[in-house]
Amino acid sequence: MLNKKVADLLNDQINKELYSAYLYLDMSNYFERRGLNGFANWYMIQAQEERDHAMLFYRYMQNNDCPVTLGAIAKPDKVFKKDMDVLKAGLEHEEYVTASIHTIYDAANKVKDFRTMQFLDWFVKEQGEEETNARDMISKMELFGSDARSLYMLNQELAARVYSTPSLVLD
Ligand code: MG
């Protein structure tokens, strides 16, 4: 059995990842309405990845014979007035998720739960990539977002993103 505190944090993380999926779906929704289908595609794939993350935490708990309790997923409450609001909210959210993963890691470390630490290693790396991606989006938008032609090309670039399953597989 997993330590109670570690188990509770892992259980909460399922909800946080599903909320992330819901938040990114709302961002995709914003860009659909804007007519920027490439941006909408990018955030839709982001949403799919977040659902995968939730399932990895779910599977890890099941594999460790740890009861899962599913809670309500909060409503995405951010109001996006302009494109940059979405991008900045994305980065802010990823920084929050990074801190959350680190909190679980810290709790696992305290009770010498090496298995959970090893499981979380993938997420620690993944969060580094998520934050880099979010910062890149902001940089690109700052450089090209104000010019319609450049925005069109950036939208085309983001339309090319394809979904792939996470490199971490638990069975
Ligand atoms: Mg995630």
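Residues are numbered from 1 along each chain as its sequence is written. In this predicted model local features need pLDDT of at least 70 and side-chain atom pairs pLDDT 80 or more, while totals for chains, interfaces and linings use all residues, and side-chain values use heavy atoms, without hydrogens and water.

Helices are DSSP runs of H or I with at least four residues, numbered from the N terminus. Helix α5 covers residues 148-159, twelve residues in total, and spans 16 Å from first to last C-alpha, close to the expected 16 Å at 1.5 Å a residue; the expected span is 1.5 Å times one less than the number of residues.

Buried means under 20% relative accessible area and exposed over 50%, with a 1.4 Å probe and protein chains only.

| Class in α5 | Residues |
|---|---|
| Buried (under 20%) | S150, L151, L154, N155, L158 |
| Exposed (over 50%) | R149, Y152, M153 |

The largest cavity holds about 60 Å³ of space. Its lining includes Y24, W42, E94 and M137. α4 gives the most to this lining, with four residues. A cavity is a set of points on a 1 Å grid over the protein atoms alone where a 1.4 Å probe fits but cannot get out, and lining residues have an atom within 4 Å of a point. Grid points are joined across faces, edges and corners, and a volume is the space filled by probe spheres set on the points.

Note on methods: Helix = DSSP H or I, 4+ residues; strand = E, 2+ residues; numbered from the N terminus. 1 Å grid on protein atoms, 1.4 Å probe; cavity = no way out; pocket = protein on both sides within 12 Å on 5 of 7 lines; lining within 4 Å.
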